Amino acid sequence: MAVAVAAFATAVTLQVVRDRAYSREEAQNRAFLYVQSPAVLRRIALSFDALAADVYWIRALQHYGGDRLSRDGRERYRLLYPLLDLTTSLDPYFTIAYRFGAIFLSEGYPGGPGRPDLAVALLKKGIAAQSDNWRYYHDIAFVHYWQLHDTKTAAEWFRLAQQQPGAPGWLEPVAASMLIEGGDRQSARVILQQILNSPEEWLQQMARRALLQLDALDLIDRARPVIVRNPPPAGTPYSWQWLIQRGVVSRIPEDETGVPFEIDPSTGALTVSPRSQLFPMPRTGPPQ
Amino acid sequence: MRAISWIAVNVFKESVRDRVPYNLALFAVLLIASSFLIGQLTAGQDVKIIKDLGLAAIVVFGLFIAIFIGIGLVSKEVERRSIYSLLSKPIGRPQFVVGKYAGLVLTLAVNVGVMTVALYAVLGCLTYLQTPAARAAWDAPGVDPRLLEAIGLIFVELMIVTAIALFFSTFSTPLLAAALTFGLFIVGHFNTDLKNFDKIVDSRPAIWVARAVYHTVPDFSAFDIKTEVVHGLPVAAGYLSATAGYGFAYISALLVVSVLVFARRDFK
């Protein structure tokens, strides 16, 4: 027994000495993916495909975390999509792998590989496996909105998400907000009018408020060229008094909640007052 | 019937003497250790992974028991020459084969039962330690009774493997029987490919041969509903009963063939 312990201790000592003398970091850090084909891996896994999916999911997390913390930018999350593809092929119902995977993939470098196209592809794979899971549609909408800045497509995906069974009621208002932000107020109005018919009181209130905000935005857009055509004398600020004196307006215009609009003294830009119930207003692009 | 139960109880006692229950301790340690480790490695998927790991471990441990004890059920008696004293008693050869099979199934049942209790205990602990918000995000409850559906089909699958091992044990050496049983286990998981052979081959005879092999080789892939159960997806009761029924019919056929082969063996 003593001989065995001594031999084992010698082996460990030699291992430590060798590791100190000959660094093998390059070999240890090299990321490998021996099997890249999901079809082959499914066969190799026999009936243990779900467990194999867990292993690949842990590998994907470690790969992402490793590259995220690494100062060496050469790797650039090279194996992230293949690992996620293998994970979701082995377990097509692995919701978190699709959803977290899409977030990882869509993040720009150094937070991720900056591949929103692959994020959308991964989520569409999730939809192919579970076509009624509203979360995948929601996440695709989010990628389009947040990473691709495509509010119109985002709104379409939010609406698709809303149509899935069990989808929460707030998705449709979000779709409307996307359209407002993209400048498509007409489509946003159509969606908001539909929401007015919803059975939930809070949704109706939200839709009423959003429609009033759209009216306020329209008024601001109509007023803007009139104000620009009637600038104040040099050295004096833009003001409602000046516009009333000029006969441009008869009184200070109010929004639908009865609170006067505010005018920026230096630029003449019209805004909803912070005292108004319509404040804060949605972010919006130019009207289409 | 008494002879069968007597042989079965002795097979069970022998497996206890052979320290088979040690695997239960290993299973418990594996689950408990992995539940702590996995919590550090996964993004909130520890319960899902523990379920996957637990079910896979039940298959692996059960498979080892079924193959490595199953292959020696008959051949060991022949090698030790204890078959002579056994068959000189008022025990028929069919009773001997069926008793041996029942004994190993009893061993498997106890093992699978204890592993199931251990899995539920670990899942219960994990569920208790999680916040209600985290629990709400799970596909299925932590302590999900539907896991028993998957475990039930795993048990029937292991019963088939045991019957295959016993069948090979009646006429071949332990090493060959182990190789053949394990080979059939693997082939049985690819069985569905043979069913769809007509989609890739035009030759009628080749399709018939493939279809014949599909019906002859055990269809193990049908017993795998682990993924569905872990994700809380419904599995039709008809599917469960049809698959279990298929398993029992297949086992009966194997036992009958094993009895026939063993009955024709000459031990002189």
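**Entry 1: the largest cavity**

I looked up which element gives most to the lining of the largest cavity, and α3(B) has the largest share, with 3 residues. I note here that the model is predicted. Two elements each supply at least two residues of this lining: α4 of chain A and α3 (46-70) of chain B. I then wrote down the lining residues by chain. From chain A they are Ser47(A), Phe48(A), Ala50(A) and Leu51(A). From chain B they are Asp52(B), Leu55(B), Ala56(B) and Lys226(B). Sorted by class, the lining has 5 nonpolar, 1 polar and 2 charged residues.

I also checked the volume, and the largest cavity holds about 30 Å³ of space. The count of cavities of 30 Å³ or more comes to 1 by the rule used.

**Entry 2: where chain A touches chain B**

Next I asked how many residues of each chain are in contact. I found 19 residues of chain A in contact with 22 residues of chain B. Between the two chains an area of about 1,900 Å² is buried, and carbon and sulfur atoms give 67% of that area. On the chain A side, the residues that lose the most area to chain B are Leu46(A), Ser47(A) and Tyr93(A). Together these three account for 29% of what that side buries.

**Entry 3: pairs across the interface**

I looked for charged pairs, and the rule finds 3 salt bridges across the interface of chain A and chain B. One of the salt bridges I looked up joins Asp91(A) to Lys48(B). Their closest N and O atoms are 2.9 Å apart.

Which elements of chain A give two or more residues to the side that touches chain B? I found α4 (49-69) and α6 (95-106) of chain A. The largest share of that side comes from α4(A), with 8 residues. By class, the side of chain A that touches chain B has 11 nonpolar, 4 polar and 4 charged residues.

**Entry 4: two backbone details in chain A**

I went back to Leu46(A) to look at its backbone. Leu46(A) sits in the loop between α3 (38-44) and α4 of chain A. Its phi is near 50°, which is a positive value in a residue other than glycine.

Is the peptide bond from Phe279(A) to Pro280(A) cis or trans? I noted that this bond is cis, with omega near 0°. Pro280(A) is placed in the segment after β2 (270-271) of chain A.

**Entry 5: chain B as a whole**

Last, I looked at the secondary structure of chain B. I counted 13 helices and 0 strands there. Read from the N terminus on, the elements of chain B run α-α-α-α-α-α-α-α-α-α-α-α-α. I also noted the box that the C-alpha atoms of chain B fill, taken along the principal axes: roughly 70 × 55 × 30 Å.

Key: Residues numbered from 1 in each chain as written. Chains lettered and ligands numbered in written order. Predicted model: local features only at pLDDT ≥ 70, side-chain atom pairs only at ≥ 80, totals over all residues. Heavy atoms only, no water. Contact = heavy atoms within 4.5 Å. Buried area = accessible area lost by both parts, 1.4 Å probe. Salt bridge = Lys/Arg side-chain N within 4 Å of Asp/Glu carboxyl O. Helix = DSSP H or I, 4+ residues; strand = E, 2+ residues; numbered from the N terminus. Nonpolar A, V, L, I, M, F, W, Y, C, P; charged D, E, K, R; others polar. 1 Å grid on protein atoms, 1.4 Å probe; cavity = no way out; pocket = protein on both sides within 12 Å on 5 of 7 lines; lining within 4 Å. Points joined across faces, edges and corners; volume = space filled by probe spheres on them.
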